[in-house]
Amino acid sequence: MVFESIPRTVRIILLGEPGVGKTSLILSLVTEEFAENVPPKAEEITIPADVTPEQVPTNIIDVCLAEQTLEQVAEEVEKAHVICLVFSVDRQETLNKIASYWLPFVRDNCPEDYRKPVILVGNKIDLIDYSIIDNIWDIAEEYPEVDTCIACSAKTLTKVSEMFYNAQKAVLHPIHPIYSIEEQELTERCKKALTRIFKICDIDGDGLLDDYEITVFQKKCFDTPLQLQVLDEVKSVIAQNIAGGIENECITMKGFIFLHCLFIQRGRNETTWTVLRKFGYDESLELSHSYLYANIKVPIGCTSELSYKGQQFLTQIFEKYDKDRDGMLNPTELKNVFSYCPRIPWHNLRYTVPTNDKGYVTLQGWMCRWTLMTLLDLQSTSAYLAYLGYNFIENDTQKSAIHITRDKKVDIAKKQSSRNVYQCHIIGPRSCGKTSICRSFLGIAHKKIKPHSQERGDGGSPESGSCINTVLVYGQEKYLVLREVPIARVSDPLQPHEVNCDVACLVYDVTASRSFEYIARIYIKYFAESHIPVLIVGTKGDHMITRQEYILQPEVFCNKYQLLAPQSFNIKENKHDVFVKLATMAAFPHLKHFASFAGDNSSWWKAGIGVAAATIAGLMLIKLLNFKSR
């Protein structure tokens with residue numbers, strides 16, 4: 001069944017046989033007194049938002065078969081959000097007509113995949129002294145769209161306002177998405193949603209909601225603290241009605257779900273819906289698009305990183321699910337983290353971020369992976385932060401978890417990058433050792449490197465072919481992302497997204513005589529006139545160096561273009577200084593010709609002081625903002 005989104009105005013229509021009191025009910029609600037002389041049809045009534053319990057404007061439409069055609073009535077049914085079918089309790093034929101005519105009529109004029117809620121209204125109870133509920137129940141069971149039944153009296157004003165409130169509530173807090181009347185229990189979708197909510201509110205991850213966690217939940221959902229006496233009464237009700245609902249004076253998942261079932265059975269749908277909507281659910285019990293995807297724009301020339309607040313939240317998530325406190329997430333723990341998400345967003349972490357020998361992700365690797373996703377797939381980061389409860393725990397949107405860097409042009413003008421995440425493209429001919437460099441960056445031993453056909457992680461994802469680790473730049477921790485650019489032939493053109501990066505690493509094989517020509521042509525064609533720093537790396541440095549069949553040898557080429565001398569790289573030695581150089585070059589993008597910079601120790605010292613000063617200023621600003629927000 002499809003459920004419509006919450007309307008900004010609730011439209012209620014009253015249907016039924018002539019003389020059952022439809023118009024009297026409307027007039028009694030508006031005037032708060034019974035009118036002896038009633039017109040055949042009341043004009044459309046609009047109830048302002050400020051006088052309704054749900055603070056939503058409400059339109060009430062009367063129907064008169066003497067003045068309207070069935071086609072006009074059908075049009076009103078189509079436009080309505082909820083239908084009140086009125087019958088007179090002292091006239092059995094009017095109740096019979098509800099089942100035989102009006103309910104089929106309503107169903108015929110509603111879309112096939114959406115049945116509008118129906119309220120059965122028995123008017124004129126002042127004329128009888130017995131209950132009518134038993135007579136209505138059979139009808140309600142046959143037509144699931146019947147939300148509730150109510151007995152009232154327009155003459156004595158008995159439950160007239162309640163009738164319209166129930167009609168409004170049937171639209172704003174519909175029962176069918178969350179509760180099965182036939183089975184007398186919550187729907188599976190509702191249970192799934194409440195399970196996610198429970199896990200988010202279980203701050204310490206022990207599978208129980210203690211008094212503190214319940215208080216936080218209550219305050220954030222309903223903007224009011226829960227009195228200790230009330231909390232004790234709630235626990236008592238759970239303990240008396242369901243086994244295993246309370247453990248160690250705390251509420252279990254079983255107890256939490258039962259409590260919401262009890263709310264709905266007692267007609268308090270709004271309580272459960274308030275909780276569901278606080279956690280982002282729409283009327284179909286799906287997380288809404290606006291809840292999952294924060295409106296975060298990344299201008300051209302800028303990038304996206306995790307803010308301090310985002311890093312703090314993700315660190316807490318890691319610690320919550322690291323049950324054995326060994327500083328890493330094993331496959332079971334990682335699966336538990338994303339148990340209430342559509343899927344685990346990453347695979348083959350070992351070839352993307354730092355892990356232990358078994359491939360378990362460490363805290364460093366965990367933060368690296370989130371940093372990579374934030375840089376390359378911000379939409380996914382936004383969604384998974386929402387799944388994990390960032391909006392609730394931090395009481396803010398995902399925007400506060402993201403930092404948008406300034407334009408790179410400003411970095412160049414300021415002679416220093418303000419970014420904490422640098423992108424490095426690894427470019428070179430096939431089999432030159434690009435993958436070896438990436439694996440070495442992650443600390444994977446040479447003997448464990450698998451064939452190239454198995455190297456891709458999240459095939460087809462924006463992060464495919466990338467790896468990330470941390471690097472110290474003058475004592476400050478930065479993230480460096482290495483991305484292999486797979487080009488088969490030197491004649492193959494590089495796309496703009498393959499060229500655009502913070503620093504480029506052009507790789508050649510010192511044992512292959514035509515290897516350097518490839519990257520020399522790449523440099524001249526794409527990087528010689530750009531602002532992108534370039535480092536040339538010769539792999540297999542532990543082998544015999546072969547003379548390159550190119551007009552200039554690598555050292556002469558680098559000297560001519562004012563580049564650092566070619567860096568020798570040997571996978572067996574796992575030299576980390578290459579990655580430090582790459583990150584440092586990215587940190588100072590104005591120094592495209594790095595050779596002169598490399599030879600001036602005072603320049604390195606000044607740059608180091610600049611990095612440190614910028615970092616300290618940033619930390620002070622973060623602390624100041626956090627202090628002001630308290």
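**View 1. Lysine 116 is buried in this predicted model, with a relative accessible area of 4%.** Lysine 116 belongs to the loop between helix H3 (92-108) and strand E5 (118-123); helices (H or I, at least four residues) and strands (E, at least two) are DSSP runs numbered from the N terminus. Residues are numbered from 1 along each chain as its sequence is written, and side-chain values use heavy atoms, without hydrogens and water. In this predicted model, local features need pLDDT of at least 70 and side-chain atom pairs count only at pLDDT 80 or more, whereas totals for chains, interfaces and linings use all residues.

**View 2. The side chain of lysine 116 reaches the backbone oxygen of glutamate 78 at 2.3 Å.** A polar atom of the lysine 116 side chain also lies 2.8 Å from the backbone oxygen of alanine 80. Leaving aside neighbours within four places in sequence, lysine 116 has contacts (heavy atoms within 4.5 Å) that include Val77, His81, Ile83, Cys110 and Glu145.

**View 3. Lys116 is one of the residues that line the second largest cavity.** The lining also includes Val106, Arg107, Cys110, Arg115 and Glu145. A cavity is a set of points on a 1 Å grid over the protein atoms alone where a 1.4 Å probe fits but cannot get out, and lining residues have an atom within 4 Å of a point. The volume of the second largest cavity is about 30 Å³, volume being the space filled by probe spheres set on the points, which are joined across faces, edges and corners.

Definitions and conventions:
1 Å grid on protein atoms, 1.4 Å probe; cavity = no way out; pocket = protein on both sides within 12 Å on 5 of 7 lines; lining within 4 Å. Buried < 20%, exposed > 50% of the residue type's maximum accessible area, 1.4 Å probe, protein only. Polar contact = N/O pair within 3.5 Å; in protein donor to acceptor, adjacent residues only side chain to side chain.
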